[in-house]
Structures are given as C-alpha cells and as structure tokens.
Amino acid sequence: MKRARLGRLLGTSVLGLAGRLPLASAASGWDELNMPRGVTSASKSIYALHMMALWVCVGIAVVVFGVMIWSLIFHRKSRGAVPDVTLTHSTKVEVVWTAVPVLILIGMAIPAARLLLKINNNTDPQVNIRVTGFQWGWRYQYVGTPVSIISKLSASSNDASQMHSGIRPTAVPHYLLSVDHQVVVPVGEKVRLLITSIDVIHSWWVPDLGVKRDAIPGYINEASFTIAPNRPGIYRGQCTELCGRGHAYMPIVVRAVTPAAYQAWLKQHSGPPSEAAARLPAAAVTST
Ligand SMILES: [Cu+2]
C-alpha cells in the first residue's frame, strides 16, 4: 500500500514538474520530458544528436546491466557458483574492452564535431542584431538600421513577482517568460547575433532556436540561426548565467514573422531611439 502511494506521489511530482517546465513548448506527453526539437535546422540537428547519444547509452546500459543481472541470477553462490581465481590477466579481453568504447566514442564524436562546425558557421547573415545583456534585461540593436529596443520583464510578471502583491503567479500567462518588447526576426533568413554585456556575464538562451551563448563584458560572441519558413511564432528563453539577484527576471522573447512583416516592423520602429535606449547604462544600473 505504502509503496503504491509512494509511486503515485513520485509520478504526480514528476509529471507535475514536467508540466511546469518553464520552457516546454507545444510538446505533449513524453516529449515534455525531453529537450525540444526546436524550429531551426541547428536545433533539429542538436535534437537528433542528443537522441543518437541517448540510444547509444540505452544500448550500453542494456548490455552491461543485462550481463550483471544474468550473472547475479544464474551464477550466484547459492546455485553452487565458485569464483574463478585463476583468471588474472587476459590481453584479448583488455584489447576488446578498450577498443569497443574507443570506437563508440569516435562514432559519436564525428557527428558531434560536424554539428559544432555547422552551428558555429556565422557567415553570410541576412540580419545582424547586436544583443547587449544588462542587469536585468536585454538591448537589441538592429545593425545598419536605427532600430534599437530594450526588452525587460513584462509588467504582469513583474507585478506578480512582488511580495504581497496578492497575484498568483500561476494566473499570469507566461510568468517570468514574457517581456515588454519582443525581439522581432524574419523566418527563412539567417540571423546573426553579436552578443555582449555591459556589466556582468549573462547568457542568451532560446532552446527552440538552438542558441545559447554567453554575453561577456568586453567580448563579442557570435551566434546565428535560421528559423524554418513555415514556423513563425513566439519563442521564449531566459538568461542562463547566474548574474545577480534579478537573474530570474530577464527573459527573452523572440517573435518570428514573415520577411515582409519584418520589413514593415523595421520601418515602423525606425524613428529616433527611445529615451530609455539612449540612456541604457544608467537605466541598467537602477532597473530591477
Ligand atoms: Cu543575466
């Protein structure tokens, strides 16, 4: 009885946690427990590599635990098994158990290295965006245009996060994963991000895009992605470098739109930079 209750409790907790995974996208069932497939060719390749490594691990586990369990059952002392004290060294066995793991590792390293080269190819972008992390938000400057936006936690999430606000966070849509100004990008075009920071180390992470790159003061890190033309939508992420007390309050929201809608959006926002954008460093220090 007790065991059944414990099982139910664990099941409920695990499923409850999975259901609440903040960045779980439209996945359902078992997919919620897995990493997202994403909407870029890089994210799909990362997912495929992850699944390949998973199944290799499952295969190894089945063989290793299979032999262990079989030995425990059929070669136990109570069945009359006696330890082999004569076998102290076997060159053949040592060669096999060294060569097999090496071959498995090489087999996994080759596609992993290929994919690393592919996802780090930042050449020939069609859109360049300079991303600057600050405590606590992100500034996006569209290179070659006057468009510059500051993206901070949405008012609804901010209000609910205040102590004694009386607002239940679960009642707020996309709590801590919504912003006041979303970064807009076109689908089907290669977007290159030039990522840096003005204070401490942050990290720009949007799982559905397959992008996670540190924002380091004094350095410019590059990352790029191309969202599949048939996947316009909203993609959410977070800062993933512990960056201070407001670390949990600097989400990222990417709105992917058609190239025509993107051009229209650019035109609409091509006025002089807002006052907030102009005084970013001071605002960054005082904002929460
Ligand atoms: Cu941060």
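**Figure 1. Overview of the protein, with seven helices and 10 strands.** Both element types are DSSP runs, numbered from the N terminus: helices are H or I with at least four residues, strands are E with at least two. Residues are numbered from 1 along each chain as its sequence is written. Because the model is predicted, local features need pLDDT of at least 70 and side-chain atom pairs count only at pLDDT 80 or more, while totals for chains, interfaces and linings use all residues. Of the 288 residues, 24% count as buried (20 or more other C-beta atoms within 10 Å of the residue's own, with C-beta atoms placed from the backbone; exposed is 12 or fewer, partly exposed in between). Among contacts (C-beta atoms, placed from the backbone, within 7 Å) between residues at least 6 apart in sequence, 69% join residues at least 24 apart.

**Figure 2. The cis peptide bond between Gln135 and Trp136.** Omega is about 5 degrees for this bond. Trp136 sits in the loop between strand E1 (127-134) and strand E2 (137-142). Most peptide bonds are trans.

**Figure 3. Asp124, a non-glycine residue with positive phi.** Its phi is near 50 degrees. Asp124 belongs to the loop that runs between helix H3 (91-119) and E1. Asp124 counts as exposed because it has 8 C-beta neighbours inside 10 Å.

**Figure 4. Leu176, a non-glycine residue with positive phi.** The phi value of Leu176 is near 65 degrees. The loop between helix H4 (155-161) and strand E4 (183-186) holds Leu176. With 19 C-beta neighbours inside 10 Å, Leu176 is classed as partly exposed.

Technical notes:
Contact = placed C-beta atoms within 7 Å.
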